[in-house]
Amino acid sequence: PGAFRLAAAAGVPVVPVGIGGTHRLLNERQKTARPGRVPIRIGAPMALDSAEALARDAHDAVGRLISSV
């Protein structure tokens with residue numbers, strides 16, 4: 001939550017981003033990724049007073065974005 005603490009302290013928003021399908025591009029044995037396309041969803045900026053609340057809400061928002069790809 002370090003980034004969320006910085007964002008909350010600075011009063012700047014955090015933009016949640018969901019990236020889907022990356023598992024199809026990963027090579028488990030070599031721990032590398034091969035070229036390919038993945039869908040990306042960018043959520044609305046989020047600003048809250050508490051870093052912990054921001055981290056929780058951002059996590060939920062990213063989960064929803066990934067579910068939508």
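Colleague: Which residues form the nonpolar patch on the surface, with about 430 Å² of accessible area together?
Modeller: First off, this is a predicted model: local features need pLDDT of at least 70, side-chain atom pairs count only at pLDDT 80 or more, and totals for chains, interfaces and linings use all residues. A patch takes residues with over 30% relative accessible area and no salt bridge, joining nonpolar side chains (Val, Leu, Ile, Met, Phe, Trp, Tyr) within 5 Å and like charges within 9 Å; a salt bridge puts a side-chain nitrogen of Lys or Arg within 4 Å of a carboxyl oxygen of Asp or Glu. Areas are Shrake-Rupley values with a 1.4 Å probe, and for residues only the protein chains shown count as cover. The members of the patch are V15, V17, I19, I40 and I42.

Colleague: Which strands each supply at least two residues of that patch?
Modeller: Residues are numbered from 1 along each chain as its sequence is written, and side-chain values use heavy atoms, leaving out hydrogens and water. Strands are DSSP E runs of at least two residues, helices are H or I runs of at least four, and both are numbered from the N terminus. I42, for one, lies in strand 4. The two suppliers are strand 1 (17-19) and strand 4.

Colleague: Why does I42 count as exposed?
Modeller: Buried means under 20% relative accessible area, exposed over 50%, and partly exposed in between (1.4 Å probe, protein chains only). I42 counts as exposed because its relative accessibility is 63%.

Colleague: Is P45 buried or exposed?
Modeller: P45 sits in the loop between strand 4 (40-42) and helix 2. Leaving aside neighbours within four places in sequence, P45 contacts P13, V14 and V15. Even with those contacts, P45 has a relative accessible area of 57%, so it's exposed.

Colleague: And R34, what relative accessibility makes it partly exposed?
Modeller: R34 is in the loop between strand 3 (32-33) and strand 4. Beyond four places in sequence, R34 touches R24, L25 and L26. R34 counts as partly exposed because its relative accessibility is 46%.

Colleague: How many Å separate the C-alpha atoms of S67 and R41?
Modeller: S67 is in helix 2 and counts as exposed at 63% relative accessibility. S67 and R41 are 26 residues apart along the chain. Their C-alpha separation is 9.9 Å.

Colleague: Which element has the lowest mean pLDDT?
Modeller: pLDDT is the predictor's confidence in each residue, from 0 to 100. The protein chain averages 80, and 93% of the residues score at least 70. Strand 4 has the highest mean among the elements, at 88. The lowest mean, 78, goes to helix 2.

Definitions and conventions
Contact means heavy atoms within 4.5 Å.
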